[in-house]
2 protein chains.
Amino acid sequence: MSEFNLQSIQEAEDRIKSFIHRTAILKSDSINDIAEAKIFFKCENFQKIGAFKMRGALNAIMQLSEKEKSNGVVTHSSGNHAQAVALAAKMAGIKAYIVMPNTAPKIKVKGVESYGGIIHFCEPTLEARESNMEKIQKAKNCTFIPPFNHKDVILGQATAAKELLEDSEESYDYILCPVGGGGLLAGTALAVKYLSPNTKVIAAEPEGANDAFRSFKAKKKLNNEKVNTICDGLLTNLGDLNYEIMMKLVNDVITVSDDQIIEAMRLIWERMKIIIEPSCAVPLAVVLNNRELFKGKKVGIILSGGNVDLDTFFAALKT
Amino acid sequence: MSEFNLQSIQEAEDRIKSFIHRTAILKSDSINDIAEAKIFFKCENFQKIGAFKMRGALNAIMQLSEKEKSNGVVTHSSGNHAQAVALAAKMAGIKAYIVMPNTAPKIKVKGVESYGGIIHFCEPTLEARESNMEKIQKAKNCTFIPPFNHKDVILGQATAAKELLEDSEESYDYILCPVGGGGLLAGTALAVKYLSPNTKVIAAEPEGANDAFRSFKAKKKLNNEKVNTICDGLLTNLGDLNYEIMMKLVNDVITVSDDQIIEAMRLIWERMKIIIEPSCAVPLAVVLNNRELFKGKKVGIILSGGNVDLDTFFAALKT
């Protein structure tokens, strides 16, 4: 953990800030009325590639040596990390090989293609993703940019919470973010530790992929046996480094059902007129379904991304 | 026309500004790449009630006498104006009677209810709307707040373009807004006349409700005989006052098809992660389908509203 401190977060920010957006922080009077809390939404759905993942990918890729850069980078991802690595590699002028499950949302596949990423599709299992990636890594001698279990990725993700904290005059009672692999969660917890130590950090997780919840309660790292949730960005297991940071710095992990997540997502679409993906609605669902905990509190929520397949909606419009 | 001048627009702004949002102006690098233009979107979808209509309704209602206020206000509207009058009346502490066609989008009906508006449903024809409204007006002796054909409503709507112009350092080559009854169009043209006279104002209209286009070309006020467009906010005919201002101050009226409108709407949803209603996508559709006109130009677009029925989309998510 010694590599994580305020200086390393600050260095990550200095490294990436001219390549990313300092995203808006929005609030909604009507959602606050419904939730009986003061909620501030950090809009990473407005970030480049439509998600916070841009921060970590850039921070990792920008630290490669010239020799490493010349061989390119590789990763596997269901979506947003894939787009982030593809665009960060494009910005660095290097090649990106992306292993994606053949079930990945079309909008994310299109995104990777548009940034010039070289896509290899595989079966939607962790085993298939990892074995395909290893093959490419050996063949091309390129560097793996992991989606979450990596120091520089975590430090990059930490910059989102850093901005949220710095752009507010008063401190937050709570900051919530969704947890899948734990990159955003670990980064958020680190930023809060160094910048606002009295703020509590809550991980928000779908019931249908609740390895972080079970791990937190059991105090040992447990994996998902099977996953069943609409949150396509949160299907992975926690990384080791992410688990370690969670156990040290996160105050609680709270789960919600897919119905509660969809209700929260709809509320944000309807009241705030912004598009977020299901994974991104998990923290608001946690606030809405744990009213006593958050009543009257100042709550920061990181809206992690906005890449949703809109085919169904727009198909209905055309009829 | 003598009541329209810079001072009357300024007075409208002073009257309403503490009750409305000064909405964000957003841009999208990827939409600019596609359109080959520099487009700035004035996000009235983020306005109170989710549309610019709040401005005009407030400006009209806040000027009523105490006696008029005590009898309440009445209007007819397919949606956004209904919500605007209901909320503006609530802010003024007075009653609002709202005649709505029974085909109005559910989200707009729910909005009117949530602001305490007293709804009377009628058949979806102009005749039914007007006759129902007149009955209420006589019974309650209340004041009609027209949706667009009214000086104070137009002056209120003018404040959106005023903000757009004032929040930009360089002047615009073009400003576009959708045209239905012409309230936003007339207000925009007036603001441009007094604040940025070299900027051209273009009205954007769906082919399926093209009375403004035909009127502009024929130089006489023509009505729609029948309407057929997805743009539920643009079905009405131009008002007399709105027609008069359009003929004096608007540079052109350009129409686009519903398919072009849906394509533009989807682009805004996908690239900007914000929700706009179909009526609101008409100006971008005009830019995308008249490339030579707008190539390399600085273009301001007023995104008029974001009230979309999301039932189809969310129904698909639940399965």
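Predicted model: local features only at pLDDT ≥ 70, side-chain atom pairs only at ≥ 80, totals over all residues.
Two residues are in contact if their C-beta atoms, placed from the backbone, lie within 7 Å.

Let me start with one residue and apply the definition. A12(A) sits in helix α1 of chain A. Which residues is A12(A) in contact with, leaving aside its neighbours within four places in sequence? They are N59(A), L155(A), G156(A), A158(A) and T159(A). Is A12(A) buried or exposed? A residue is buried if 20 or more other C-beta atoms lie within 10 Å of its own. A12(A) has 28 C-beta neighbours inside 10 Å, so A12(A) counts as buried. For a distance across the chain, take V99(A): it is 87 residues from A12(A) in sequence, and the two C-alpha atoms are 26 Å apart in space.

Staying with helix α1, I turn to its packing. Two packed helices are described by the angle between their axes and the distance between the axes. In chain A, helix α1, residues 6-16, packs with helix α3, residues 53-61, at an angle of about 95°, and the axes are 9 Å apart. That angle makes α1(A) roughly perpendicular to α3(A). On the α1(A) side, the contact is made by A12(A), R15(A) and I16(A). On the α3(A) side, R55(A), L58(A) and N59(A) make the contact. By type, the residues of this contact are three nonpolar, one polar and two charged.

Before helix α1 comes a segment that holds M1(A). M1(A) has 11 other C-beta atoms within 10 Å, and is therefore exposed. Now look at K151(A). M1(A) and K151(A) are 150 residues apart in sequence, while their C-alpha atoms are 9.2 Å apart in space.

Next, the whole of chain A. How many helices and strands does chain A have? It has 15 helices and ten strands. Along its principal axes, the C-alpha trace spans about 55 × 55 × 40 Å. A compact globule of 319 residues would have a radius of gyration near 20 Å, and the 18 Å of chain A agrees with that. Of those 319 residues, 55% count as buried. Sequence separation tells us something else about the fold. Among contacts in chain A with a separation of 6 or more, 75% are between residues 24 or more positions apart.

I49(A) is not a glycine, yet its phi is positive, near 60°. I49(A) lies in the loop between β2 and α3 of chain A. With 27 other C-beta atoms within 10 Å, I49(A) is buried. The second case is in chain B. E36(B) has a positive phi of about 55°, and E36(B) is not a glycine either. E36(B) is found in the loop between α2 and β2 of chain B. It has 14 C-beta neighbours inside 10 Å, so E36(B) counts as partly exposed.

That brings us to the two chains together. 20 residues of chain A are in contact with 20 residues of chain B. Which elements give two or more residues to the side of chain A that touches chain B? They are α12, residues 258-272, and α15, residues 311-318. The largest share, six residues, comes from α15(A). That side of chain A divides into twelve nonpolar, four polar and four charged residues.

How are the copies related? A rotation of 180°, with 0.0 Å of shift along its axis, superposes chain A on chain B with an RMSD of 0.0 Å. This is the relation of a two-fold axis. Both copies use the same surface, as 100% of the contact residues of chain A recur in chain B. Which residue of chain A comes closest to the rotation axis? It is I274(A), with its C-alpha at 2.1 Å.

I will finish with a residue of helix α12 of chain A, Q260(A). Leaving aside neighbours within four places in sequence, Q260(A) is in contact with A285(A) and N289(A). Q260(A) has 19 other C-beta atoms within 10 Å, so it is partly exposed. E68(A) is 192 residues from Q260(A) along the chain, and their C-alpha atoms are separated by 44 Å.

Technical notes
Residues numbered from 1 in each chain as written. Chains lettered and ligands numbered in written order. Helix = DSSP H or I, 4+ residues; strand = E, 2+ residues; numbered from the N terminus. Rg over C-alpha atoms; globule rule 2.2 N^0.38 Å. Buried ≥ 20, exposed ≤ 12 C-beta atoms within 10 Å, placed from the backbone. Nonpolar A, V, L, I, M, F, W, Y, C, P; charged D, E, K, R; others polar. Least-squares fit on C-alpha atoms with pLDDT ≥ 70 in both. Axes fitted to C-alpha atoms, helices over the stretch in contact; angles between N-to-C directions. Parallel < 35°, antiparallel > 145°, perpendicular 65-115°, else oblique.
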